[in-house]
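Hi,

Here is the structure I promised to pass on. Have a look at it first, and then read my notes below.

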Amino acid sequence: MKLYEHEALGSIFKKYKIPVPRYVFATEMNDAVSQFVEKESGVVVKSMVLVGKRGKAGAVKVVSDKSKVADVVKDLATRDVYGEKSIGALVEEKLDIEKEFYLSVTYSTKDRAPAIIFSEHGGMDVEEIDPKLIHTHVITDVRSVYPYQIRQFLSNVGFSDKDLLRPLSEVIVNVYNAFVGAECRLLEINPLVVARSGDKRKIVAADAVIILDDDASVNPAITYGARSAQGRPLTQREQDAILIDQGDHRGKAGSYVELEGDIAMMTFGGGGSTVTAETAIEAGLRIANLTDIGGNPPAEKMYRISRIILSKPGLKGVLVCGGTASNTRIDVTLGEGLAKALDDMKAEGKLDKNLVWVVRRSGPEYVKGLKMLHECFERNGIRGEIYDSQLPITEAPIRLKELLIKHIGYKPENVG
Amino acid sequence: MKGTVYLNDKTGIVVIGATGREASQVIKESEALYPGIVKAGITPGKGGSTELPVPVFDTLSEAVKDPKVGKLLNTALIYVPPVSVLDAVMECLDNGIKVLYIITEHVPIRDSEIIFQEKERRGAIIVGGTSLGCFVPSVGRIGAIGGKDPSVAFRDGGIVVISKSGGLTVTTAEMFKRRGWGTYMALAIGGDIISNTTYSDVLKQIKGDPKVKAVVMLGEPGGAYEEQVADLITSGGFDKPVAAFISGRFQERMPEGVAFGHAGAIVERGMGKATDKISRLEAAGKKYPVKVAFYYHDLVKAIESLGVPRDFEDSTAEHVKPLYSTI
């Protein structure tokens with residue numbers, strides 16, 4: 001889960017003693033901001049959004065004329081940045097910047113270890129920095145990380161500002177400790193600045209990007225509230241889906257994401273769901289939603305997620321697809337859960353009879369489960385085909401495409 | 001030895017977290033399929049329980065000292081909740097278990113890292129987290145892979161299936177079985193960021209095994225583990241046919257949301273994306289017997305075109321008819 005900058009500063013940077021500018025966060029112009037601005041010679045105002053490259057979108061502004069602060073805060077606290085609505089403004093002291101570094105910590109799968117990434121040439125997009133000027137220090141023993149090791153690393157890569165060796169190495173260790181202690185996947189500071197303060201110099205984090213491990217020992221959704229991984233608020237159906245798994249650990253049915261298409265995807269198992277969706281897209285189907293159901297959920301969970309999946313407006317086809325389950329009962333999930341949802345939706349007049357269905361599934365009790373689903377199709381007038389694992393899993397979306405073209409004149413996307 | 005280092009005729013399994021719902025079901029199924037392969041179970045507080053077909057102990061230390069089963073235990077199957085996995089792994093390593101499977105999903109990455117570094121220091125083999133287990137039809141099974149009736153998907157043969165996704169491991173074995181190729185070993189390595197056993201780790205282990213005719217690998221975006229296979233093959237580290245399918249190309253076409261870190265992109269520049277993995281493997285395929293399938297079901301054609309002989313007859317008709325049709 002990605003954090004907003006003010007969350008990272010307030011809850012993590014502070015705790016791990018990573019130096020940051022003086023700041024105040026506000027959702028609108030208020031007295032706290034006025035009082036803050038009063039004491040500063042100039043301020044930087046930033047929109048609080050999760051997308052990157054804010055500066056290029058005009059969502060980071062330096063304000064020296066204090067009379068203009070109120071207007072800038074009002075604008076940046078509410079504007080859209082690349083389509084994402086700002087949730088507030090961060091108002092910071094304006095630093096007297098001497099130079100800008102790049103610093104981050106993340107896991108390197110190449111080394112299967114945390115890696116500290118540093119460059120003396122920060123400030124710009126890291127992709128634009130010459131790779132030769134970016135240096136990586138892999139932490140091969142997570143039990144002990146000391147500033148002297150960081151100084152050795154900086155020395156080895158020819159770090160040019162010897163006076164900063166000690167303070168910088170200490171900040172980097174604090175950043176590393178924050179990365180590990182707060183269970184991050186990524187902690188990035190760009191720029192990490194050297195700022196003049198009277199005749200002294202100090203190291204200050206002028207930005208904060210944190211992505212927390214969603215599997216951390218304390219679920220970040222509990223601390224920071226659930227948020228969509230797509231940089232947009234969750235839709236009502238997505239929120240409803242999350243509730244399905246709350247307080248009930250039997251199987252998983254609440255992982256649901258909406259897109260702008262017309263084919264509902266009821267897919268099972270992480271890997272199976274991915275390849276099925278992938279093939280559907282390659283075949284030119286426009287996907288309306290994605291689910292990843294697994295771990296043998298009870299019929300009640302299947303009932304609820306089925307109704308959510310099928311309630312999205314504008315659907316033309318439905319793909320129910322999974323491999324050969326090891327655990328998940330096909331009679332319970334499809335024969336009971338899905339079938340009951342269809343029966344009830346039909347009775348409520350909410351079932352679209354024009355939908356075209358393809359089902360492909362196998363696993364425990366699949367003979368019984370697919371028969372039950374077929375009976376449900378028959379009694380509700382649902383049109384489609386039902387397969388077991390004789391049909392290779394990824395041929396199912398291709399079959400659906402053929403049926404859609406034949407029966408409702410579906411025009412697939414032209415995928416390059 | 002019959003089998004591989006991951007599962008062989010000497011394998012004796014101890015299940016950690018044995019009396020939980022999933023674990024107890026797996027123990028019962030394993031006992032029915034391969035009687036005696038599971039030797040013991042551990043659940044603190046349930047020592048002496050007779051609810052399972054194997055003896056249950058409070059601690060692993062008691063189990064390894066047990067005169068009947070103690071000396072037979074060499075492989076641990078871990079089914080504890082995510083935050084207890086690190087503890088379970090340390091209990092196993094400290095009690096001399098050298099092959100471990102972590103079935104648990106959602107292990108915190110920080111714990112995974114500590115586990116990986118500890119495993120390296122001790123020279124153990126750990127598969128997972130998020131593994132579904134291992135299947136060697138000629139020897140036995142570890143974990144739930146293949147469910148109650150694994151004969152649907154598995155028949156003895158020469159293909160090694162290695163997959164991050166557990167479900168796809170079985171689905172793939174089944175697809176090949178229908179077309180005439182059996183499985184020598186299917187190993188679900190899990191898709192965690194810090195993977196204790198990677199594709200190349202497996203290839204190095206099975207390199208000289210004459211029973212291996214070909215490898216089918218199923219990859220996913222993220223990490224550099226698929227790319228490492230391309231490197232291993234091009235450096236001469238594995239020379240048998242490899243058919244690969246990498247899922248996730250479509251994610252690259254979706255609107256970019258909170259995309260994963262720039263930093264990740266720097267450490268692994270030109271790696272991690274499905275298309276990066278595909279192009280690296282395709283490049284290896286110019287000189288070595290490597291084929292990347294465009295669609296997942298093209299894996300069969302890939303193995304065929306690499307000249308891997310069938311283990312038995314192709315049983316599927318050209319055009320599969322639906323079981324039921326209402327259209």
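To start: how many of the 5 residues of strand β18 (residues 383-387) of chain A are buried? The count is 4, so the strand is largely enclosed by the rest of the structure. Keep in mind that this is a predicted model.

What sits beside β18(A)? One partner is strand β17 (residues 356-362) of chain A: the two run parallel and are joined by 5 bridges. If you want a pair to find on screen, A:Val359 stands opposite A:Ile386 in β18(A). To get from β17(A) to β18(A), the chain passes through helix α11 (residues 366-380) of chain A, and this β-α-β crossover is right-handed.

β18(A) also pairs with a strand from the other chain. Strand β14 (residues 324-325) of chain B is joined to β18(A) by 2 bridges, and these two strands run antiparallel. Here the pair to find is A:Glu385, which stands opposite B:Ser325 in β14(B).

Next, have a look at helix α7 (residues 236-245) of chain A. Its buried residues are A:Glu238, A:Ala241, A:Ile244 and A:Asp245. Looking down the axis of α7(A), you'll see them fall within an arc of 100°, so they line one face of the helix. Among the elements covering those buried residues are β13 (256-258) and α9 (299-310) of chain A. Just after α7(A) comes A:Gly247, which has a positive phi of about 75°.

Now for the cysteines. A disulfide is a covalent bond between the sulfur atoms of two cysteines. How many disulfides are there over all chains? The count is 0. Take A:Cys376: the closest cysteine sulfur is in A:Cys321, 18 Å away, and that is too far for a bond, given that the two sulfurs would have to be within 2.5 Å. A:Cys376 is also buried, with a relative accessible area of 0%. Over in chain B, B:Cys92 is in no disulfide either, and the nearest cysteine sulfur, that of B:Cys134, is 17 Å away. B:Cys92 is buried too, at a relative accessible area of 0%.

Last, the overall layout of chain A. The chain is divided into domain 1 (22-93), domain 2 (97-212) and domain 3 (234-408). Between the centres of domain 2 and domain 3 of chain A, taken over C-alpha atoms, there are 46 Å.

Terms used
Residues are numbered from 1 along each chain as its sequence is written. Chains are lettered from A and ligands numbered from 1 in the order in which they are written. This is a predicted model: local features need pLDDT of at least 70, side-chain atom pairs count only at pLDDT 80 or more; totals for chains, interfaces and linings use all residues. Side-chain values use heavy atoms; hydrogens and water are left out. Buried means under 20% relative accessible area, exposed over 50%, partly exposed in between (1.4 Å probe, protein chains only). The arc is that of the directions from the helix axis to the C-beta atoms. Contact means heavy atoms within 4.5 Å. Two strands pair if DSSP finds at least two bridges between them. A crossover is right-handed if, with the strands pointing away from the viewer, the path from the first strand over the helix to the second runs clockwise. Domain bounds come from an automatic or database domain assignment.
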